[in-house]
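Q: I am new to this structure and would like a close look at one part of it. Please keep the account plain.

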Amino acid sequence: MISLVLAMQFARQMAERFHARLVRKSDAIEMKLVAAALEAARLFGARLPSTDEFLTRYATTIGPMIYLPDSMWDDPRALVEVVTHECQHVRQFWRGSGDGVAGPTDRDLPGGFGFGWLYLTQGEARVRFEAEAYVAGLEATVIGIGEPLPTSLEPLVQPLEGGYALNDGEIALARGLLEVGATQVAQGVALTDAGQTAVELLRQLGVGR
Amino acid sequence: MLLTALFERLMALAHLSAYTQLAYRLGAEFAAWGAFFSLFWRALPQARRDTIERSWPRLVGLVRVLIAWGVDLRTAAAAAGYQIVAGVPKADAIARKSATPRPPPLPLLLALGLGVLAGCPRLPPVDLCQPGAQSCNGDRPHVCSQSQRWAPASPRTCASAGLVCCYTRSPFGHDVYACVRAAACLPEGPVESPAVGDGSAAVTTSSTADGGAR
């Protein structure tokens, strides 16, 4: 297990390495405005979290800004998992999906404006960005902290089923990507940028295996 | 006399309802634009924000007050519309609104228009793969999406992490293509390669991933 002090240190260093900024969600007026916009979208029938859920249970990243709900700042385990997840989104924002070393292939997704546009308008892109980020979080908790993998795929897929306005086909893609991701995590090697950095930082902080 | 008074009261209510609807719409647009401006503001370095605020303290204060009030005014306008004027409980109003399609709000239309002008980013080309199929391509595992595009399931090549891309058993008991140590590879998958649209995917091995035993 990791202490809150170490988790805070981890979060700060992760943010620094990914050129991100951590903000308390309750301090951000823009998050209340986003919540209002989501509430409006819910009135149109979109599968999205309620205003309360969005503000108290969901971390949100816009560009390099990571907004964390108050409860996460007091939960070291959640802080490690969620900051790693959100840092992968920041990485996607700066550089897109795919291997930053060999360069993106024609199947990788763009960063910058393209990241924001595709994330908001294409469920399939949203699934791909999110699955990669959830795998990064899994790498941090399983490889970095030493937690066991879940015994079934359901706990991994469940967050994507209610909070991201996805249809059944997109959720099926999420299942496939997450199962492959979990299989790779079981090998004990982190493949995402945020996951690799998280594992390295956690080792430096003396956490985990 | 009574009828006239009643009629006037009804008309007043109708006007109030119209204004409330207008306020609601304006509120939603205000919220969207407010979010954009807040984000830009927060993205500026603290020193730059301090300089701007010292130069124009009243202007920045006014914007801050408008944004802070805007959220509450929007909620108040919505509640006045459905609950005070129409006398409809919130739950019923939400159900009615979700059943009634509305035109998209102005900021969304503007964003769409700007996106079209800027040349919207798109998903990669369609590969005509079989939805749910999996493969190793370019030393990275891929899963086929509902739109028949290959989606990489690893952000980097397997070799870059000392692994190989091959057919293997997932921790949840299904067979998948993934980056694993060579010792974890299983004999090849049972299903033929799905069709690949652009011919460049070089998929020589693949299997369906229907979530069940194959």
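How many residues does helix 7 of chain A have, and how far does helix 7 reach from its first C-alpha to its last?

A: This is a predicted model, in which local features need pLDDT of at least 70, side-chain atom pairs count only at pLDDT 80 or more, and totals for chains, interfaces and linings use all residues. Residues are numbered from 1 along each chain as its sequence is written, while chains are lettered from A and ligands numbered from 1 in the order in which they are written.

Helix 7 of chain A, residues 123–145, has 23 residues and reaches 31 Å from its first C-alpha to its last. That is close to the 33 Å expected at 1.5 Å a residue, where the expected span is 1.5 Å times one less than the number of residues. Helices (H or I, at least four residues) and strands (E, at least two) are DSSP runs, numbered from the N terminus. Just after helix 7 of chain A, A:G146 takes a positive phi of about 95°.

Next, its surroundings. Of the 23 residues of helix 7 of chain A, 22 are buried, so the helix is largely enclosed by the rest of the structure. A residue is buried if 20 or more other C-beta atoms, placed from the backbone, lie within 10 Å of its own. Across chain A, buried residues make up 56% of the 209 residues.

The largest nonpolar core has 91 residues; such a core is a set of buried Ala, Val, Leu, Ile, Met, Phe, Trp, Tyr and Cys residues joined through C-beta atoms within 7 Å. Helix 7 of chain A gives the most to this core, with 13 residues. Among the residues with the most contacts inside the core are A:L178 and B:Y177. Leaving aside residues up to four places away in sequence, A:L178 touches A:A131, A:Y134, A:V135, A:L153, A:L156 and A:V157. Two residues are in contact if their C-beta atoms, placed from the backbone, lie within 7 Å.

As for the rest of the chain, chain A holds 10 helices and 3 strands. The 3 strands form an open sheet of mixed pairing in the order 1-3-2, and two strands pair if DSSP finds at least two bridges between them. Its edge strands are strand 1 (21–24) and strand 2 (60–62) of chain A, each pairing on one side only. Strand 1 of chain A runs parallel to strand 3 (residues 65–68) of chain A, and 4 bridges join them. In strand 3 of chain A, A:M65 is the bridge partner of A:R21.

Note on methods: Buried ≥ 20, exposed ≤ 12 C-beta atoms within 10 Å, placed from the backbone.
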